[in-house]
Amino acid sequence: SLSLSHPPSRSLPPSLPPSLSLSLPPSLPSLLLPTSTPLPPPLLAASSRVSPDSQWAARAESGEWRPETRDPRPDPRAGSMAADAARVARIVNETVAERSEHLDLSNCKLTSFPVALFRMMENVVGNIHFVSLQNNELKFIAGDFMINFSQLQELNLEGNLLKQLPDEVKTLMHLKNINLARNKLSDFPHQLTELAALETINLEANEITEMPLENLNSMPSLKLLNLKSNPLNIGSQFAGQMEIKFELLVSAE
């Protein structure tokens, strides 16, 4: 015959009524946490969670974060920069496809002329006669730009941050017009006086105080020089009453 026996019962502490005593299998107590095991800390309530901005502020205040540390939050300028780069690529691709003589990259927020564009235009760069980089943020023009666009007849660099031109500008032997208005030139770009085909030079609204009048008079094709809104020292320039062989535009004192 089969006899059944119940496991011995384990009663709760005497403080509990006998009616609430529990019977547990012998193996179960080993699975229970001891009474000394600390409980995990409570989760933060939704209302007490810290926002990313206040976390960065707290880290900065404590000295854990420094300004030079890269902020992992998205840069709002990234989308604008990508759009500007896409616009430049589209203009260059259209110029190449149409084999145009004009390349107009005005208002593209360029800080320098991208070298990669020379590779994109290698089959047509010799056909480019007009380049406009007006209203960008150019601080310099590399000599490679002048060498690659050696057939230029017109160059528009108005509204940038240029302080000088590279010596390679002297290689633009077909250049007829150059616009350097509204830049940061403090010295007259003397390289221009060596360009025999140059007809007009626009240097309005720079910081030029002197001009090489003798060299300018020697330029065979020069017709117009615009030096309006420059701090020219007119008295010393014309002390010798040298004849001017081209039209000169200056601001009235």
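Is K109 buried, partly exposed or exposed? With a relative accessible area of 49%, K109 is partly exposed, where buried means under 20% relative accessible area, exposed over 50% and partly exposed in between (1.4 Å probe, protein chains only). The model is a predicted one, in which local features need pLDDT of at least 70 and side-chain atom pairs count only at pLDDT 80 or more, while totals for chains, interfaces and linings use all residues. Residues are numbered from 1 along each chain as its sequence is written, and side-chain values use heavy atoms, with hydrogens and water left out.

The protein chain holds six helices and seven strands, taken from DSSP runs (helices: H or I, at least four residues; strands: E, at least two) and numbered from the N terminus. Their order from the N terminus on is α-α-β-α-β-α-β-β-β-α-β-α-β. Of the 253 residues, 29% count as buried.

Contact means heavy atoms within 4.5 Å; leaving aside neighbours within four places in sequence, the contacts of L103 include I91, V92, F113 and F149.

Three salt bridges were found, each a side-chain nitrogen of Lys or Arg within 4 Å of a carboxyl oxygen of Asp or Glu. In one of them, K109 meets D84 (3.9 Å, N to O). D84 lies in helix α2 and K109 in the loop between β1 (102-104) and α3, so this pair ties together parts 25 residues apart in sequence. R90 and E94 form another, at 3.5 Å; both lie in helix α2, four residues apart, about one turn of the helix.

R182 pairs with E158, the closest N and O atoms being 3.1 Å apart. R182 sits in the loop between β4 (177-179) and β5 (200-202), and E158 in the loop between β3 and β4. R182 is partly exposed at 39%, whereas E158 is buried at 17%. The backbone nitrogen of E158 also lies 3.1 Å from a polar side-chain atom of N156, a buried residue with a relative accessible area of 11% in strand β3 (residues 154-156).

Methods
Polar contact = N/O pair within 3.5 Å; in protein donor to acceptor, adjacent residues only side chain to side chain.
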